[in-house]
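Let's take a friendly walk through one protein model, asking what surrounds a few of its residues. The structure comes up just below.

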Amino acid sequence: MESFFPFAETTDGVTVRVSVTFLPEQSDIDGNRWFWAYHIRIENHRDTAVQLLMRHWQITDARGGLQMVDGDGVVGEQPVIQPGKSHDYVSGCPLNTPNGAMEGHFVMVGSTPPAFEVRIPHFPLTEPTVEQ
């Protein structure tokens, strides 16, 4: 699991795992546009179901520019994750620098209030170096 999802963090019985891939075919280096896809797996290790309500991302580029992204759910869904189950989704991130980083949190609710935050681990966005 760690080889496919090298970045992971657990908060209150919910684990968020991340893998990231640079996509040269969707990037335009001459136009200062680099693009990554990231795969998120959310695992519920609690005794009750959880529902993902909101997301908060902090995206930093190589110049230190910070972009905050907030929204309902993920990729148009507010999934309910049963105990012992997981939810996967893939999304993408463009930057105007060849590297940066992302991190954040999900807002979730369990079987009883209140809602709680589940940390998304910090992960780098790095253009692979080309060996000559």
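Q: Is H56 buried or exposed?
A: Buried means under 20% relative accessible area, exposed over 50%, and partly exposed in between, using a 1.4 Å probe and protein chains only. H56 has 13% relative accessibility, so H56 counts as buried.

Q: Before we go further, what kind of model is this?
A: Residues are numbered from 1 along each chain as its sequence is written, and side-chain values use heavy atoms, leaving out hydrogens and water. Local features need pLDDT of at least 70 and side-chain atom pairs count only at pLDDT 80 or more, while totals for chains, interfaces and linings use all residues, since this is a predicted model.

Q: Which side chain forms a polar contact of 2.6 Å with that of H56?
A: A polar contact is a pair of N or O atoms within 3.5 Å; within protein, one must be able to donate a hydrogen and the other to accept it, and residues adjacent in sequence count only if both atoms are side-chain atoms. H56 is found in strand β4, strands being DSSP runs of E with at least two residues, numbered from the N terminus. At 2.6 Å, the partner side chain is that of D70.

Q: What type of aromatic pair do W57 and F123 form?
A: Rings of Phe, Tyr and Trp (its six-membered ring) pair if their centres lie within 6.5 Å; planes under 30 degrees apart count as stacked, over 60 as edge-to-face and the rest as tilted. Here the centres are 6.0 Å apart with 90° between the planes, which makes the pair edge-to-face.

Q: How far apart in sequence are the parts that the pair of W57 and F123 ties together?
A: W57 is buried at 3% relative accessibility, and F123 is buried at 0%. W57 lies in strand β4 and F123 in strand β9, so the parts tied together are 66 residues apart in sequence.

Q: Which residues form one aromatic cluster with W57 and F123?
A: The cluster takes in W57 and F123 along with two other residues, F7 and Y38.

Q: Is F5 buried or exposed?
A: F5 is found in the segment before β1. Contact means heavy atoms within 4.5 Å, and F5 touches residues including R17, H39 and D88. Its relative accessibility is 2%, so F5 counts as buried.

Q: What distance separates the C-alpha atoms of F5 and R17?
A: These two residues are 12 apart along the chain. Their C-alpha atoms are separated by 5.6 Å.

How values were computed. Helix = DSSP H or I, 4+ residues; strand = E, 2+ residues; numbered from the N terminus. Lists of a residue's contacts leave out its neighbours within four places in sequence.
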